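Notebook open, structure loaded. I'll start with the overall dimensions and then pick a strand to follow.

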Amino acid sequence: MRTSYFPKNGVWLKGNTHGHSTVSDGRFTPEELVRGYRERGYSFLALTDHNVLAAHDDLSDEKFILLTGLEHDIEYSAGKCTHVTGLSAAEKTATNYLCRRYSSREKSDQQLIHMMCGDGQFVSLAHPVWSRMSWEEILSLEGYQGFEVYNNGTEHLCHGGNAEVLWDMLLRAGKKVFAMAVDDQHVAEDLYGGWIWLKAAERSKQAILDALWAGSFYASNGPDIVDFALDAETGEVYVTCSPCREIHFVTYEPRGKSIFAKEGETITEASFHLRGTESYIRVVCVDQEGHSAWSNPIFFDERAEK
């Protein structure tokens, strides 16, 4: 019997979880961003302005929801830094710590993450390629929940937005972190290029946060993943998606499998038979334009919980 990775009941909502307004260093006001994302069919938006937690609940309504968030950054040099985003619990309008920029002399990367997690935030490591983080630095960090597999702003800025390989290396090392695709918008060129689709119990701020914590979402800069399911009895994993040119089942260990459409055609579904030794499996769907959708992994030591 197939069991979907996504909840049976609920509503699919599209959103961006990392972006900036004129509250910090963005070009657009919160009102302008809300209007633009609403017109593009988004259901929620997080404004994660730098080192300030600014709630914009007055811009939310029953159809479009503003999440409260922020981005903390530690700078080590002109070309090296660590940036971390946090999304706060539904009722929070302030952090339980002094919310400001911290220097590397005051806080380490890990201390910053612990501080944000202690505040109840859903914490994501932002654009590690653009930040010029070393693999050893990334691997050493603990406690965060999300990892930016794709960051549209830094990809446009300097081809520094795709971190899928680093994410997969973290998964292989046993780090159970979720894939995020974001805009990180500062200017017009950053808009509408990376997002997540999540399945929430209802259209509310708390339900969106609950879905994030549960990993009930996928990341994309193009295709749609309709379903990602496992038949635990047969060991077969299934995916259905919008028309794509290729579908990749990524596992560890051993390796997974890639399926390609015939020339001039597309594919919308594929399956993969597990060998029984995998610690996780995830799927990547790639459309005709080369854009990708990344599922979160199914971790087999948590199979009974999904």
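Predicted model: local features only at pLDDT ≥ 70, side-chain atom pairs only at ≥ 80, totals over all residues.

A compact globule of 306 residues would come out near 19 Å, and the protein has 19 Å, so the two agree.

Next I looked at the extents. The C-alpha trace spans about 50 × 40 × 35 Å along the principal axes.

Then burial and surface. I get 56% of the 306 residues as buried. The accessible surface is about 13100 Å², and carbon and sulfur atoms hold 49% of that.

Taking pairs at least 6 apart in sequence, 65% of the contacts join residues at least 24 apart.

Charges: I have 29 positive side chains against 45 negative ones. The centres of the two sets sit 2 Å apart.

Secondary structure: the tally is six helices and 18 strands.

Which strands does strand 13 pair with? One is strand 14 (residues 257-260), antiparallel, over four bridges. A hairpin of four residues makes the link between strand 13 and strand 14. Within this pairing, I found Phe249 opposite Lys257 of strand 14.

Another partner is strand 16 (residues 280-286), also antiparallel to strand 13, with seven bridges. Here His248 has Val284 of strand 16 as its bridge partner.

Reminder for reading the side chains: in a regular strand they alternate between the two faces of the sheet.

Definitions and conventions: Residues numbered from 1 in each chain as written. Heavy atoms only, no water. Helix = DSSP H or I, 4+ residues; strand = E, 2+ residues; numbered from the N terminus. Rg over C-alpha atoms; globule rule 2.2 N^0.38 Å. Buried < 20%, exposed > 50% of the residue type's maximum accessible area, 1.4 Å probe, protein only. Contact = heavy atoms within 4.5 Å. Areas by Shrake-Rupley, 256 points an atom, 1.4 Å probe, with all protein chains shown as cover. Lys, Arg positive; Asp, Glu negative; His and termini not counted. Charge placed at Lys NZ, Arg CZ, Asp CG, Glu CD. Pairing = 2+ DSSP bridges.
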